Amino acid sequence: MKKLLIVVDYQNDFVTGSLGFPEAAALEPKLHDKVQAYLDAKDDVVYTMDTHGENYLETQEGKKLPIPHCICGSEGWQLHGRLRYQLAYCPYFEKNTFGSLDLLHYLEEKRYDVIEFVGVVSNICVISNAVLAKAAQPEAQIIVDAQCVASHDSVMQEKAFDMLENLHIDVLNR
């Protein structure tokens, strides 16, 4: 069985920086263990990096969320904690919006039986990329591990979980 783990946006600005929140910080040991299990099993691991330029406040997202974050090359843009080292040799996809078209194209070229998502923010970037994965690989089992994702808004997270399940994406450990 061919498996892929996708770690979404586990970057300093979402954990301890300008958009940080305690639930994101609490994920680090769980994410570390999950990534290590995939690496030990010789399964594939990739990750996404929310990536903005100095003109962030002039973008659509910047106008709706006027908090500069994940500015390319900044400390806030870097992967958080131990994952910075653990994921150092894994492929990654920079994205300037919620979903990654580069990840979508990657998934169009590969075939997986299982694609699992972890990371932040569950009701924004995790859901966006999980939907893209479902479009790219409709016959793969797409999973979101509820114990390995986080949001600053628990109500929106639950709504996202409901929507994911409605789209035939499995939400585990809910």
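1. K34 counts as buried, at 18% relative accessibility. Buried means under 20% relative accessible area, exposed means over 50%, and partly exposed lies in between (1.4 Å probe, protein chains only). K34 sits in helix α3, residues 28–40. Helices (H or I, at least four residues) and strands (E, at least two) are DSSP runs, numbered from the N terminus.

2. This is a predicted model: local features need pLDDT of at least 70, side-chain atom pairs count only at pLDDT 80 or more, and totals for chains, interfaces and linings use all residues. Residues are numbered from 1 along each chain as its sequence is written, and side-chain values use heavy atoms, with hydrogens and water left out.

3. Look at the neighbours of K34. Leaving aside residues up to four places away in sequence, K34 touches L5, E116, V118, D145 and C148. Contact here means heavy atoms within 4.5 Å.

4. A search of the whole structure finds 2 aromatic pairs. Rings of Phe, Tyr and Trp (its six-membered ring) pair if their centres lie within 6.5 Å; planes under 30 degrees apart count as stacked, over 60 as edge-to-face, and the rest as tilted. Y47 and Y92 form a stacked pair, 5.2 Å centre to centre, with 20 degrees between the planes. This pair links distant parts of the chain: Y47 is in strand β2 (residues 44–50), Y92 is in strand β3 (residues 92–95), and they are 45 residues apart.

5. Y92 is partly exposed, at 42%.
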